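This briefing covers a predicted model. Please look over the sequence and the coordinates before reading on.

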Amino acid sequence: MKALGIDIGSLTTKVVIMDDDGTLSLNVTPSGDEPESSARAALKGALGQIELNLDHDLYLVSTGMGSKSVSFTHQQKAITTCLARGVYYLFPSARMAIDIGAESCNVIKVNERGRINDWVNHDKCAAGTGVFLQQMAKIMQMPLEDMSRLSLNAHSVPDITSTCAVFAESEVISHVHRDPPTPKEDIVAGIYSSVVSRIMTLCKRTGIEKDVAVVGGVALNSVLVNILENELGFKVLVPDTPQIAAALGAAIIARETIEKGLGT
Amino acid sequence: MINAEEKKDKIDSLVRACGVLLRMNKARPDGRKSERMYYEMLANYYTRLQSARDEGKFIAAHTVFFPTEILYAMDIVPMHTETTTWMISLFTGECADLLSAGADLGLAPEICTPHRGLAGAFAIGALPRPDVMLWSNLICDNTAKSGELLMEVNHCPGFFLDHPFQHSEDEKKYLVGELDSMIRFLEEQSGHKMDWDRLAEIVGLIDRQIELFREICELRKAVPSPFHTQGFLELLTIDYLFPGQPEAINYLETLRAELAEKVSSGQGAVSNERFRLMSFFIPPMYLMGFLERISQEYGAVSVTEPFFTYWGEGRLDPSRPLESVAEKSYMIPEMRMYGPLDDRALKSIVSCAEQYKVDGAIYYADVGCRHSCATVKLFKDTLNKIDVPMLTLDCDVVDPTITSEEEMREKLEQFFELLEDR
């Protein structure tokens, strides 16, 4: 029996397949309008990589905002539980995980057994998440990748203080249109800095504890991770594919369930 | 069909809602007798208030933790303002118009919603106009400040009861003086004389009432715990609305007997108790049904509320009624939160966690309540030291726009998973 973990997020669906020896396959696909069909497509992709299909003997644990809409899952778990397991598997020394996803940011304290001790999340507003950065890239009229590169040339970092994504957008627009306009590289550095300051607020609420792992799609943005490291004052751990941490955790839970003989 | 005028009268809505709940309880084969008594008491409280004006009775609106026993002893009809707003939200779900009316008065969204709703309710005539407004600084700054506005909105006189922070002999004497001044004020305004014998009798009953609260809390220590998760709100309401009233004693004795029977037969409030919880502050009233359902679904039950149901030590002396009223105000569980937070508050959290075998705590962080939100971190750190995790739920006690059922469910499910995983 294969252990499958699926994390159905608002922008992407992530799948991890495991067996006793470790990870066999992983797949990241865009989430569609229908979580059920997105899940099926993502699973087929991951299973296809190891020449399996949905008819094989599988045990599936789902997580993420779309997980409740998936009818064929065997178990649903909270994103925080899965993140803790996934991060602990990747970095056993991590005692804190910062997950920056498309629409939410979670900060989790992980204990020495890979279980959650505490968590806080930022879910009232998109400021401080991936969608916010996408929106800012649109306003700056440049791809997200260019925005990151450009920020490295910043001479000063303007404050973007609004805690609301919409008001932050107004602040950015006012920088673009002021006379003379704030240099673009400075504005984008200000945008990243504002995202990091929101993440830091969450970190301080739980208490910062080393080692810190950063996961979620936004962890692929090395500029943002560097700013975060400067704020924390130490290096953080970032896995190669940070966006799959929760799906990996779900797969680990699926594997544990199989091992306990409860998956049949 | 309810016409617009009827809809505006929130007391009428409350009385009718109590009637419906009473009928529902009677229709259930397992309907709790004490619950029936509770709804009857509430219906009577609001019916008395509803008819007070026509019967020429004197109405005193008062804020939370006010010594209502003095009003009962003077034959004055009390109207507990914050509880009435909660009840409107809980039983009728009709708070939006009150909050909107509060906003029309210029009250900012950051102001505590029960107070904002109250001001709105009086302004649009949704609550009976009181003859006097009574308020104190016990226990929060919203309470201390809103009395003046409520006097203005109601065009009525008022009295501010200045409650000292500390429990020294000098301060107790000062408080007795304040109570005495208030009685003189009420005598002048209402023409009713204080019936000292009646006050002594009421104080004796309050002493009994507090003993019953303590006995009920003792029963809740049982594993599984016998009282349902939101039951503590009944205990709170009894203390707020019916101090020293014979019907309150009957209710508490009935409840105690019911819980004792459940404990002796090993029957819990939930069919499969998995998580024993400590609760801080007031859950959103409009989500009570949901909170009871999720409690059953996950076997999660609130077993202790250190600042609501965990009464301090001490007895009241009916031969010294006014001193006893002052003394009681220092015994109420919330007093540990009053003024500068000292060791008492944190010690009671740790003590309750241990005595009640708590697995986790839920902190209902009412966004408009600076008083409660200021202690989130302190309480969480205190509990973390004894390895009890705490979930903070940002919410509002009556305003459904702050948090939804779905959001609440997601966070609670995550928390239950955290507890299970440990």
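The model is predicted, and chain A averages a pLDDT of 88. Chain A holds eight helices and nine strands, and 47% of its 264 residues count as buried.

**Confidence**
- In chain A, 96% of the residues score a pLDDT of at least 70.

**Overall form of chain A**
- The radius of gyration of chain A is 19 Å, which agrees with the value near 18 Å that a compact globule of 264 residues would have.
- Along the principal axes, the C-alpha atoms of chain A fill a box of roughly 65 × 35 × 30 Å.
- Of the contacts in chain A with a separation of 6 or more, 67% join residues 24 or more positions apart.

**Nonpolar core**
- The largest nonpolar core has 211 residues, and those touching the most other members are A:Leu4, A:Val87, A:Ala97 and A:Ala251.
- Helix H8 (residues 245–259) of chain A gives the most to this core, with ten residues.
- Leaving out residues up to four places away in sequence, A:Val87 touches A:Ala94, A:Ala97, A:Val110, A:Ala213, A:Val215 and A:Ala245.

**Contact between chains**
- Eight residues of chain A are in contact with seven residues of chain B.
- On the chain B side, the residues that touch chain A comprise four charged, two nonpolar and one polar.

Key
Residues are numbered from 1 along each chain as its sequence is written. Chains are lettered from A and ligands numbered from 1 in the order in which they are written. This is a predicted model: local features need pLDDT of at least 70, side-chain atom pairs count only at pLDDT 80 or more; totals for chains, interfaces and linings use all residues. Helices (H or I, at least four residues) and strands (E, at least two) are DSSP runs, numbered from the N terminus. The radius of gyration is taken over C-alpha atoms; the globule rule is 2.2 Å times the number of residues to the power 0.38. A residue is buried if 20 or more other C-beta atoms lie within 10 Å of its own, exposed if 12 or fewer, and partly exposed in between; C-beta atoms are placed from the backbone. Two residues are in contact if their C-beta atoms, placed from the backbone, lie within 7 Å. pLDDT is the predictor's confidence in each residue, from 0 to 100. Ala, Val, Leu, Ile, Met, Phe, Trp, Tyr, Cys and Pro count as nonpolar, Asp, Glu, Lys and Arg as charged, and the others, Gly among them, as polar. A nonpolar core is a set of buried Ala, Val, Leu, Ile, Met, Phe, Trp, Tyr and Cys residues joined through C-beta atoms within 7 Å.
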